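Trainee: I should like to learn how to read a protein model with care. May we go through its features one by one?

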Amino acid sequence: MKIISTVKELQVQLKELRRSSLGFVPTMGALHKGHLSLVRNAISECPLIVVSIYVNPTQFNDREDLKRYPRPLKKDLAMLRKCLRKNDIVFTPDDNEMYPAEDKRIFSFGNIDNLMESLHRPGHFNGVAQIVSRFFEIILPNVAFFGLKDFQQVAVIKELIRQNQYKVKIAVCPVVREPDGLAMSSRNILLEPQVRKNAPVIFKTISEASEMIRKSDIPEIKAFVKKSIEKRAGFSVEYFEIVDDRELIPAGLKKEMEKGKRYYGCIAVRAKKIRLIDNIEFPLV
Ligand code: PAF
């Protein structure tokens with residue numbers, strides 16, 4: 001694999017190496033099996049891929065979160081070395097490369113950016129859109145790979161592509177989980193041992209909730225989710241919403257879930273200092 005940290009060098013290499021389909025896997029590092037599944041999917045689809053490792057400051061609304069975000073670059077490179085091919089590229093830019101001047105662009109995504117993560121992390125998706133659009137414009141990938149764990153981010157990226165008419169296809173890969181069900185996340189290593197032990201309650205609860213929809217209505221399900229998770233010391237539910245996967249319109253009652261659409265229960269939990277998100281598909285009944 002090649003490790004490149006400047007935009008100029010990246011573009012020179014891409015000009016030379018670009019084949020029929022260029023794959024792109026954006027990451028903020030602290031790689032885990034979830035990222036590796038994106039990388040493997042990209043490798044199986046594309047003769048050349050770029051994996052970026054860049055902790056994007058503009059998507060953090062919380063300075064402490066940005067400061068403590070893990071940055072184990074050496075370990076990340078060792079993991080990638082095991083799966084990337086000779087010409088695949090790891091792009092590790094710094095802030096000056098990605099933001100040579102302050103990015104003042106304001107994006108507008110309507111309802112998609114008006115609920116769930118957006119209410120708890122104001123400006124987060126604007127920052128995501130700034131960096132992802134910059135990557136798309138520098139790399140010009142044919143396919144970009146994103147994890148479904150960041151459910152709302154996937155909807156935002158699809159809208160970003162639509163609004164800007166980027167010629168990139170999005171491949172969405174399933175959530176990868178620890179054996180106990182906890183969704184893999186770079187933040188999991190920051191969990192205190194007791195919090196980590198309790199964290200599988202999140203997936204267990206939303207899995208049960210997705211079954212409950214057969215017999216119960218949404219207000220009852222929401223109360224169940226909150227009560228089950230908040231039984232654990234230090235856990236509080238920031239939101240739990242059942243939304244469709246296109247416009248992210250929340251269903252308040254079962255009868256509002258429309259045929260022909262797919263619905264997901266999306267949750268964010270504050271587990272002491274760390275925020276964890278997860279989601280699961282809800283059947284239409
Ligand atoms: O999902 C992430 O890790 C980030 O939001 C992304 C897409 C790499 C942009 O910084």
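Trainee: Which side chains meet in a salt bridge at 3.0 Å, N to O?

Mentor: Those of Glu230 and Lys226 do. Both residues belong to helix α11, which spans residues 218-230, and they are four residues apart, about one turn of the helix.

Trainee: Where are the domains of the chain placed?

Mentor: The domain assignment gives domain 1 as 2-173 and domain 2 as 186-282. Their contact takes 22 residues from domain 1 and 23 residues from domain 2. The C-alpha centres of the two domains lie 26 Å apart.

Trainee: How many salt bridges are counted between domain 1 and domain 2?

Mentor: The count is two.

Trainee: Which elements give two or more residues to the side of domain 1 that touches domain 2?

Mentor: They are α3, α6 (117-120) and α8 (151-164). The largest share, three residues, comes from α8. By class, this side of domain 1 has ten nonpolar, six polar and six charged residues.

Trainee: How is the size of such an interface expressed?

Mentor: The size of an interface is often given as the accessible area lost when the parts come together. Here, domain 1 and domain 2 bury about 1900 Å² between them, and 60% of that area is on carbon and sulfur atoms. Of the area that domain 1 buries against domain 2, Arg68, Met116 and Phe151 supply 32%, more than any other three residues.

Trainee: Where in the chain is confidence lowest, and where is it highest?

Mentor: As a general rule, where pLDDT is low, the predicted coordinates should not be read in detail. In this chain, the average pLDDT is 97, and 100% of the residues score at least 70. Confidence is lowest in helix α3 (residues 63-68), with a mean of 94, and highest in strand β4 (residues 89-91), at 99.

Key:
Residues are numbered from 1 along each chain as its sequence is written. This is a predicted model: local features need pLDDT of at least 70, side-chain atom pairs count only at pLDDT 80 or more; totals for chains, interfaces and linings use all residues. Side-chain values use heavy atoms; hydrogens and water are left out. pLDDT is the predictor's confidence in each residue, from 0 to 100. Domain bounds come from an automatic or database domain assignment. Contact means heavy atoms within 4.5 Å. Buried area is the accessible area (1.4 Å probe) that two parts lose on being put together, summed over both. A salt bridge is a side-chain nitrogen of Lys or Arg within 4 Å of a carboxyl oxygen of Asp or Glu. Ala, Val, Leu, Ile, Met, Phe, Trp, Tyr, Cys and Pro count as nonpolar, Asp, Glu, Lys and Arg as charged, and the others, Gly among them, as polar.
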